[in-house]
Amino acid sequence: MADSARNLPPDLDAEDCRIASPSSGKKKAQQSPGIRPKYQSSAPGHCLKRVTLTKPTFCHSCSDFIWGLVGFLCEVCNFMCHEKCLKTLRWACSCMTPSLVRVPVAHCFGPAGQKKRFCSVCRKLTEGNGALRCEVCELHVHADCAVFSCADCRSSHLDETLEQDTFHHHWREGNLPSVARCDVCRRSCGSSEVLSGMRCEWCGVTSHASCYLAVPPECTLGRLRCMTLHPDRVRLHFRNFSKMHCYRIAESCSQELDNSDDVDQTAAASKEGPETGKQLKVYDGDDAVKRGSFRLVSIMRATKNEEVVEAALRAFYLPDDPWDFELKEVSYTHRLHNEDILNRNGGTDNRGGSLKDGGDAWLLRAKLRDPEVIKVYTARPRSGAAVVSVSVSKESTAASVLSEVLRLLQRQEEDASSFSLMEVYMSSKQVQRQTLTPQEKIQDKLQEIRKVSLRQMNQTRFYLVEDRKSAVQVSLLIGGLTPLLNREEYVQLIQEQLSIKSHLVTLSHVYPTQGAVALQVSCFSEAERIYMLAKDTSVNNKTLTSLVIAEIECVAPREDVCPLLVFVNPKSGGMKGRELLYAFRKLLNPHQVFDISNGGPLAGLHTFREVPKFRVLVCGGDGTTGWVLGVLEAIRHKLVCREPPIGILPLGTGNDLARVLRWGAGYGGEDPHHILVSVDEADEVLMDRWTILLDAQDISEDGKENGFLEPPKIVQMNNYFGLGIDADVSLDFHQAREDEPDKFTSRFHNKGVYVKVGLQKISATRSLHKELRLQVDGRDIPLPHIEGLIFLNIPSWGSGADLWGSEVDVRHGKPRIDDGMLEVVGVTGVVHMGQVQSGLRSGIRIAQGNYIRLTVNKPIPVQVDGEPWIQPPGHIIISAAGPKVRMLRKSKQKQKKSSASSKDRRAESPSSREGGH
């Protein structure tokens, strides 16, 4: 980036300004300067002027109310503060954001939520569908302000080129809860009225903008450090992949961001402007002219030509000196038709004209400078300066700049040929890098960038990079393949479908039960080709899935470090699943948070395969939990940590397992930070799992096998297994949900439909005791007159009902989730089920045992953990499924604290916001 700064002498004149995009009807165009004095501050970039307040206003620096009629407003970013805060102002203007970036990391923009937020660029309230938020950090912007933000997202993994020496705080301004406290002065620093206060997006420490420099620079990751995957332990080669691909985020709004800087000419032309004068369309380069993307600048009646240049720079958030720029008129066909130049220096105009006499379309150009100064950053800082300023002339090349940089860094003894000069464009959407050739002229490069876009020049840096030949290893996980093949068959299948280059691609892991393979690709372009081709390829009418997988560096386990692997089902709990996915990505490392609908649980377990100790949090219903447990059981032999304990955040309808483990009946909007703390403090318990063998045979009435119906299948059970009336009701409910899935978005509606379906079955009779024969531990068990038979592994059924009951029975022991026994219970019909749900009575106790054998004479509805189907006649065998699984149970002490002081803890959480997380 060319070295430049805004000079703010106190005798310059200015007029009230409003910076806005032409596409926003609620914002005014940038006005040219008038006759008001500007004021200097210790924070770089701000162009402050004294204004008269006409409505209640809060200070953006201290978050207090501004008493009186006088405030100080930045003409560039709309920053407002007290006069007393001018001396302590530290946070830079929006136009200086690119200069504050430590390691450039692009944002992952998605549609914003419904909460009250402020734009980090123009500092105004984000409203409606035109707002975006980063899925990884706390950046909120208007869609038309996104192009003026830069790649200042938090770094979640080691960059293969650019690194930092220590792990620093990653500060983000504003959008704090109003009760947030400064960690330095202990005064309130948050506000729900303005963009105020600072927060580290890793450790959650908060402070005033004037106090944050007093916080020790090294970040310790805060309260969640024991469960956070440290960025230094994650490696990812991603040169040809966007951040959306790296974090496995659906690119639902990528098109919206691509067009966010395009302007609707009709809307811009019809905008309400000042009562006198006119508005100019100003372009910042040839690229903007081609796309028709402009900013509006208002010309007042007494405006001088040189003042418009300064207003145009403010409109594009450029901190450069207006003396270095000029305006050229552009025709309506976006072609330069003359060389009429009106510059800030006030030079004589050969035609004697002015901007008011010219057209309404103008191109902002940078003047030729010789010599000029550029800043060169060191890619891997050592002791000493991380950035140096170098003067370049027309003859300066990349090689000469490298030599000068090494001299300034006192490293002239090192060979300059082993270094390169890298150009880095820090766009908010993607960081683009280009290595300059040693003979390339630096001034020509600068002029080329400025001609394309002045905004791009402001977001461009030059880095000193050491040439190191590092092996490229891009990890891809390909799913959706034919299951249960051997390694050679998978190699042949991948070769046929994706035409891989064998000398560049290695099959590193095979998961036959999941129909998935992991590939190691040693070429970026080949990895990108395979990634994109797999998404358009189908095998057996099933589309393949393709994911970019990060590599976690294996380290010796420590007692106080246990990373948390998070699975979220965004389809569960209405929109709550998506909001939790967003919240956990911000609170933890996004590489440890997985959308289970994109690649299933295998992607996360494969990523954590080398981690010696970790925990799992499943956010979803009982079906989601069973899915994770099933995949874990299938691939545990490939994991270093074969039995990670699993916690549950209930997002489903029944949530019976979550109730037993004290996680509650359902997610009610609790603060995600407090949920993670509860997971960290949870107790480990063991739980039985059961295998059900379903062997369909043609069974005659006398119990003899007459023939083979279908291949046997094996399913896993965690909660309960039911036959008869309860499975019949579940089957009708499941079919109704399959027919109209959009209507089943809340637990209340789901339970209402379940009751309706149950009432329709109230008169159904089946005489289940005549259709099956039961054996428990080798003993024949006579069945009473029942309509449903249920096998319980946990003491919760049908959304929390106690089907077994609490009465003491000398014939049976007290049920536990780890006793190695199943409880066999019967129900007489829908009315009986309703009474159990209401707590009026319990089921009919039949037996307890650890080996169950059923003989079914007729097709019958069955359900396992809420998943129903019609089972043909045959044999059903239930037995223990190997070792017990380790689960996380919320501690009783934490549960009491959660209900007693939720408001106090919510106020202190770094993830809480006004109106929720």
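**A walk through the model**

Modeller: Let's start with helix α19 (residues 830-838), where Val830, His832, Met833 and Val836 are buried. This is a predicted model, in which local features need pLDDT of at least 70 and side-chain atom pairs count only at pLDDT 80 or more, while totals for chains, interfaces and linings use all residues. Residues are numbered from 1 along each chain as its sequence is written, and side-chain values use heavy atoms, with hydrogens and water left out.

Colleague: Which residue follows α19 with a positive phi?

Modeller: Its phi is near 80°. The residue is Gly839.

Colleague: How many residues of helix α6 are buried?

Modeller: α6 spans residues 305-315 and is mostly covered. Among the buried ones are Glu307, Val308, Arg314 and Ala315.

Colleague: Which residue with a positive phi follows α6, and which aromatic residue does it pair with?

Modeller: α6 is followed by Tyr317, with phi near 55°. Rings of Phe, Tyr and Trp (its six-membered ring) pair if their centres lie within 6.5 Å; planes under 30 degrees apart count as stacked, over 60 as edge-to-face and the rest as tilted. The Tyr317 pair is tilted, at 5.2 Å centre to centre and 50° between the planes. So the residue after α6 is Tyr317, and its partner is Phe148.

Colleague: Are Phe148 and Tyr317 buried or exposed?

Modeller: Phe148 sits in the loop between β11 (140-142) and β12 (171-173), and Tyr317 in the loop between α6 and β18 (325-330), 169 residues apart. Phe148 has a relative accessible area of 11%, and Tyr317 is at 3%. By the cut-off, Phe148 is buried, and Tyr317 is also buried.

Colleague: Where in the chain are Tyr377 and Tyr463?

Modeller: These two form a tilted pair, 5.6 Å centre to centre with 40° between the planes. Tyr377 is buried at 12%, and Tyr463 is buried at 2%. They are 86 residues apart, with Tyr377 in strand β21 (residues 372-378) and Tyr463 in strand β25 (residues 460-466).

Colleague: Which residues touch the most other members of the largest nonpolar core?

Modeller: A nonpolar core is a set of buried Ala, Val, Leu, Ile, Met, Phe, Trp, Tyr and Cys residues joined through side-chain atoms within 4.5 Å. The largest has 91 residues. The ones touching the most other members are Leu476, Phe584 and Met887.

Colleague: Which residue has its charged end over the ring of Phe325?

Modeller: A charge sits over a ring if NZ of Lys or CZ of Arg is within 6 Å of the ring centre and within 35 degrees of the ring normal. Here the distance to the ring centre is 5.5 Å. The residue is Arg369.

Colleague: Which residue is the bridge partner of Glu823 in β46?

Modeller: Two strands pair if DSSP finds at least two bridges between them. Strand β45 (residues 822-827) and β46 pair in the antiparallel sense over five bridges. The partner of Glu823 is Gln848.

Technical notes: Buried < 20%, exposed > 50% of the residue type's maximum accessible area, 1.4 Å probe, protein only. Helix = DSSP H or I, 4+ residues; strand = E, 2+ residues; numbered from the N terminus.
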